Amino acid sequence: MATEITRLHHAGHVVRDMPAALDLYRRLGFVTPAPTYPAMPPREGCEPEPFGAANTHADFLGDFLELATVVTADGQVPSDARLVPLQAPPDVLPTLVERIDTTRANLTECLERFEGLHILMFSSSDIDVTATRLTAAGVGHGGVNTVRRPAGGEVETVRYLEIDGARPGLEAEGRIGVVADLDPRVQATRLVDHPNGAVGLVDAVLCTADAELDAVQARYERYLGRAPRKEGPSRVFDLDGATLTLVPASGLTALFPGEQAPALPALVSCTVAVHDLTAAENLLRNNKVPLVRTPSGDVFVPATAALGTAIAFRQAEESDGQGATTTVR
C-alpha cells in the first residue's frame with residue numbers, strides 16, 4: 001500500500017564527544033562541516049555561550065547522516081564550531097528555547113542508555129497528511145512543527161513531527177519522527193564529494209527482543225502506513241531506495257557478525273551506498289579502520305570502533321533507465 005512516506009530522511013548518531021566523533025567520521029571518509037551550536041548570553045551583557053544540543057551532517061541528495069551531542073559545561077566544543085546566537089521575536093523566543101531544552105533532555109536520556117544511533121526520521125511528501133494519518137491510527141505525536149534556518153543565501157523551511165512514546169518526542173529506541181521531503185534545490189547546495197564515495201542512506205536496523213518483534217512491527221506499520229516483507233527472521237520495510245530492517249536479537253549476528261545490541265530495542269546500524277565499494281574499503285583500511293564483511297557482501301565498521309553503532313557500506317546501484325537496477329562494481 002502506497003503512502004506519503006517516501007524514504008529515510010536521516011539517521012542520527014548521538015555522541016558524547018563531538019571532536020572525537022568528527023575525527024571518526026572524517027576517517028570513515030565523510031565530509032562533515034563544522035558543527036552548529038545554538039548560543040545565548042548566560043546573563044545580560046555577556047557574550048553568547050553554547051547550550052542545548054549541537055549537530056552536523058554528512059549530506060547526500062535525498063537524505064543525510066547526523067552527528068548530535070548534548071552541550072555540557074565540561075564538554076569539548078570543536079575549535080571550528082559555529083555558534084549561532086538565537087534570534088527570534090520576544091514572543092517566540094521562549095518557545096524556541098523550550099524546544100532546544102526538550103531536545104537536550106531527550107538526547108541526554110538516549111546517552112544514558114548508550115552512545116550510538118538514537119535518531120531515525122522518515123521523509124514525507126505531505127507532512128500534514130502524515131499527521132492526520134498518524135492521529136487516525138492512534139499514534140501520538142507532537143503535531144507539525146516548523147523551523148527556518150539559513151541555507152546558503154536563502155532560508156530553508158523544515159516541517160517535522162516527532163512520535164510520542166515513552167515520553168513526548170521519544171520512543172523506547174530513541175527519537176522517531178517524520179520530516180517533509182528535503183528540497184532538492186536547497187540540498188544540492190550542501191552536496192560534496194565524500195572521499196568514501198557515499199551517495200545516500202539505504203538502510204537502518206532496529207534490533208528488538210525476540211518476544212517483542214511482532215509488537216514493534218505493528219508499531220512501525222502504523223508509523224509508515226505499510227506492511228513489511230519477511231526475510232529470514234527479519235522484517236523489512238521497503239521505502240524509496242532504502243529499507244528499515246527489524247531484526248530479533250537472536251538474528252542480529254546473522255546480519256552483522258559479532259555485533260550485540262547494547263539495549264533492547266535499539267537502533268544498531270545504518271548503511272550508506274557508495275559509488276565504489278572496493279575503493280571505499282581501501283580508504284578505510286588505509287585509515288586503520290577495522291572492517292567486517294556481512295553475508296550479503298556489505299562491509300561494516302563494528303560498533304566497538306564507531307562510537308556505539310555499526311556503520312555499513314554497500315555498493316550503490318544504478319538505474320538502466322527503464323526502472324531496473326544493476327549493481328555497479
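Me: What should I know about the numbering and the model?
Reply: Residues are numbered from 1 along each chain as its sequence is written, and side-chain values use heavy atoms, with hydrogens and water left out. The model is predicted, so local features need pLDDT of at least 70 and side-chain atom pairs count only at pLDDT 80 or more, while totals for chains, interfaces and linings use all residues.

Me: How many disulfides does the structure hold?
Reply: There are 0 disulfides, a disulfide being a pair of cysteine sulfur atoms within 2.5 Å.

Me: Is Cys 110 buried or exposed?
Reply: Cys 110 is buried, at 3% relative accessible area; buried means under 20%, exposed over 50%, and partly exposed in between (1.4 Å probe, protein chains only).

Me: Turning to helix 7, which residues are buried there?
Reply: In helix 7 (residues 277–286), they are Leu 277, Ala 280, Glu 281, Leu 283 and Leu 284. Helices (H or I, at least four residues) and strands (E, at least two) are DSSP runs, numbered from the N terminus.

Me: Why do they line one face?
Reply: Viewed down the axis of helix 7, the buried residues fall within an arc of 165°, taken from the directions from the helix axis to the C-beta atoms.

Me: Which exposed residues does the face turned away carry?
Reply: That face of helix 7 carries Thr 278 and Asn 286.
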